[in-house]
Amino acid sequence: MEKLVGALIDNACKYAEEASSVTVRLSRQGKKAVLSVRNLGSPIPQESIEHVFDRFYRVDKARTHDDSRSFGLGLAIAREITESHGGSIRAKSSAEDGTVFTVVLPLSK
């Protein structure tokens, strides 16, 4: 879980507008935990949303302030960890609301 949350926060910080904030929320919805990580920055184009979890996929080199550390693996790893715990992950992005990654995981009994 530490690697999952770390990958999402790292990604959000990397693509956030300078001097903006990254918001992390954790809530419970019935028998599920819902984690969301949101940043304000250049939105991910809608045609790229379905690919952001693919290994080595990078939307656009111009979206990052520090291009040297990005290999396109962080979100793929986040998806693998999420799915290995029986959960799901999705991305949503717009200029108005920023980019939000949401992870839904079943809670243990």
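In the predicted model, serine 93 touches Pro43, Ile44, Gln46, Ile49, Gly98 and Thr99, when residues up to four places away in sequence are not counted. Serine 93 belongs to strand 3, which spans residues 88-94, and with a relative accessible area of 8% this residue is buried, the limit for that class being under 20%. Among the residues touched by serine 93 is Ile44, and it is the backbone nitrogen of isoleucine 44 that the side chain of serine 93 reaches, at 2.8 Å.

Valine 37, located in strand 2 (residues 32-39), is likewise classed as buried, its relative accessibility being 2%. With residues up to four places away in sequence again left out, valine 37 touches Leu8, Ile9 and Ala12, as well as Val22, Thr23, Val24, Thr99, Val100 and Phe101.

Two packed helices are described by the angle between their axes and the distance between the axes. For helix 1 (residues 2-15) and helix 3 (residues 74-84), the axes come within 9 Å and cross at roughly 150°; since angles over 145 degrees count as roughly antiparallel, the two helices are therefore assigned to that class. The crossing in which helix 1 passes helix 3 is left-handed. On the helix 1 side, Lys3, Leu4, Ala7, Leu8 and Asn11 take part in the contact, meeting Gly74, Leu75, Ala78, Ile81 and Thr82 of helix 3. Classified by residue type, this contact comprises six nonpolar, three polar and one charged residues.

Methods
Residues numbered from 1 in each chain as written. Predicted model: local features only at pLDDT ≥ 70, side-chain atom pairs only at ≥ 80, totals over all residues. Heavy atoms only, no water. Axes fitted to C-alpha atoms, helices over the stretch in contact; angles between N-to-C directions. Helix = DSSP H or I, 4+ residues; strand = E, 2+ residues; numbered from the N terminus. Parallel < 35°, antiparallel > 145°, perpendicular 65-115°, else oblique. Left-handed = near helix turned anticlockwise from the far one by under 90°. Contact = heavy atoms within 4.5 Å. Nonpolar A, V, L, I, M, F, W, Y, C, P; charged D, E, K, R; others polar. Buried < 20%, exposed > 50% of the residue type's maximum accessible area, 1.4 Å probe, protein only. Polar contact = N/O pair within 3.5 Å; in protein donor to acceptor, adjacent residues only side chain to side chain.
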